[in-house]
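Hi there,

Here is the structure I promised to pass on to you. Could you open it alongside this email while you read?

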Amino acid sequence: MSITVIFALSALGGYFLGSIPFGLVLTKMCGLGDIRKIGSGNIGATNVLRTGRKDLALLTVLLDAFKAGFAAWLASHLAPNAYYSFYGYITTINTMAGLIAGTFGFLGHNFPIWLKFKGGKGVASAFGFILFTYWPLALIALAVWLIVAFTSRYSSLSALTACACVPFFSFFMTDPIHTGFYSLIALLIIIRHHANIYRLLHGEESKISFKKKA
C-alpha cells in the first residue's frame with residue numbers, strides 16, 4: 001500500500017470517527033431534545049452542561065476526546081513504522097498517519113457531514129488528539145484550562161488560554177511536525193470562538209454554572 005493511500009485512509013477514517021456527534025446523541029437519548037436549540041447551540045460538553053446533566057456533560061467530554069484520540073492511536077498502530085521525510089524533517093509513516101487521523105478526527109467534530117458541517121468547536125477532541133500523540137503537552141493544556149476555568153468560570157476563556165499555550169509549549173517540547181499540526185488546530189479553535197471572544201470583550205459571555213437545571 002502506498003504512503004498516499006495510507007494517509008488518505010487515515011484522514012478518511014479519522015474524519016468519520018470524529019464526526020459522531022456524541023453530545024447530540026446523548027441528550028436526545030435521555031429525552032432532553034435537540035441540544036442545538038438551547039444555550040449556544042453547540043453540540044459540545046459545555047452546552048450539554050447547560051441542561052443540568054453533569055453526567056452527560058462529562059460523558060460527552062470523554063467521548064469527544066476519545067474519538068479523535070482513538071483515530072490517532074489506531075492509525076499510528078496500523079501504519080508501518082518506517083522513516084518518512086516531511087518537508088525536510090525526518091519522522092515515521094505511522095507518526096504522520098496518527099497526526100493526520102487525529103487532525104481529521106478534530107475536523108470531523110467541527111464539521112460533521114451528518115449535521116450539515118455544523119459541529120462543535122473541538123476543544124475536547126483536540127485534547128484527546130494531543131493526549132494520544134504527546135500526553136505531557138495535553139496535561140499542561142488541561143492544567144491551564146482547569147486553572148482559568150475555576151478562577152474565571154468562563155469555559156471559552158479557559159479554552160482560548162489553553163489553545164494559546166499549546167503552540168508555545170509544543171515548540172520547546174516536541175518536534176516541528178507535531179508543533180505544526182497542534183498550532184493549526186489551536187488556531188482553528190480560536191477562530192471558532194470568535195463569537196465568544198466578542199462576548200468576553202463586551203462582558204456578555206455566560207459563565208459555567210454547576211447548578212442543576214430546574
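Below are my notes on a few places in the model.

First, the ground rules. This is a predicted model, in which local features need pLDDT of at least 70 and side-chain atom pairs count only at pLDDT 80 or more, while totals for chains, interfaces and linings use all residues. Residues are numbered from 1 along each chain as its sequence is written, and side-chain values use heavy atoms, with hydrogens and water left out.

H109 sits in helix α5, residues 93–110 (helices are DSSP runs of H or I with at least four residues, numbered from the N terminus). H109 is buried, at a relative accessible area of 5%; buried means under 20%, exposed over 50% and partly exposed in between, with a 1.4 Å probe and protein chains only. Neighbours within four places in sequence aside, the contacts of H109 include D64, K67, G119, G120, K121 and S125, where contact means heavy atoms within 4.5 Å.

D64 belongs to helix α4 and is buried too, with a relative accessible area of 3%. Besides H109, D64 touches I20, F22, G44, A124 and S125, again not counting residues up to four places away in sequence. D64 and G120 are 56 residues apart along the chain, and their C-alpha atoms are separated by 9.7 Å.

A124 and S125 bring us to helix α6 (residues 123–133), where the buried residues are A124, S125, A126, G128, F129 and I130. Among the elements covering them are α4, α5, α7 (135–152), α8 (155–173) and α9.

The loop between α5 and α6 deserves a look at its backbone. Most residues other than glycine have a negative phi. K116, in that loop, has a positive phi of about 55° although it is not a glycine. F117 lies in the loop as well, and its phi is near 65°, also a positive value. K116 is exposed, with a relative accessible area of 70%, whereas F117 counts as partly exposed at 47%.

Next, the helix pair α9 (residues 176–192) and α10 (residues 194–201): their axes come within 4 Å and cross at roughly 60°. Axes here are lines fitted to C-alpha atoms, for helices over the stretch in contact, with angles running from 0 to 180 degrees between N-to-C directions. The two helices are therefore oblique to each other, since angles under 35 degrees count as roughly parallel, over 145 as roughly antiparallel, 65 to 115 as roughly perpendicular and the rest as oblique. I190, I191 and R192 of α9 meet H194, N196 and I197 of α10.

Elsewhere in α9 is T179, which counts as buried at 12% relative accessibility. Its contacts, apart from neighbours within four places in sequence, are P167, S170, F171 and T174.

Finally, which helices each supply at least two residues of the lining of the second largest pocket? They are α1 (3–18) and α4 (54–78), with α1 giving the largest share, 6 residues. The lining has 14 residues in total, and L9, S10, L74, A75 and L78 lie nearest the centre of the pocket. By class, the lining has 11 nonpolar, 3 polar and no charged residues (Ala, Val, Leu, Ile, Met, Phe, Trp, Tyr, Cys and Pro count as nonpolar, Asp, Glu, Lys and Arg as charged, and the others, Gly among them, as polar). A pocket is an open set of points on a 1 Å grid over the protein atoms alone, where a 1.4 Å probe fits, with protein on both sides within 12 Å along at least five of seven lines; lining residues have an atom within 4 Å of a point.

Best wishes
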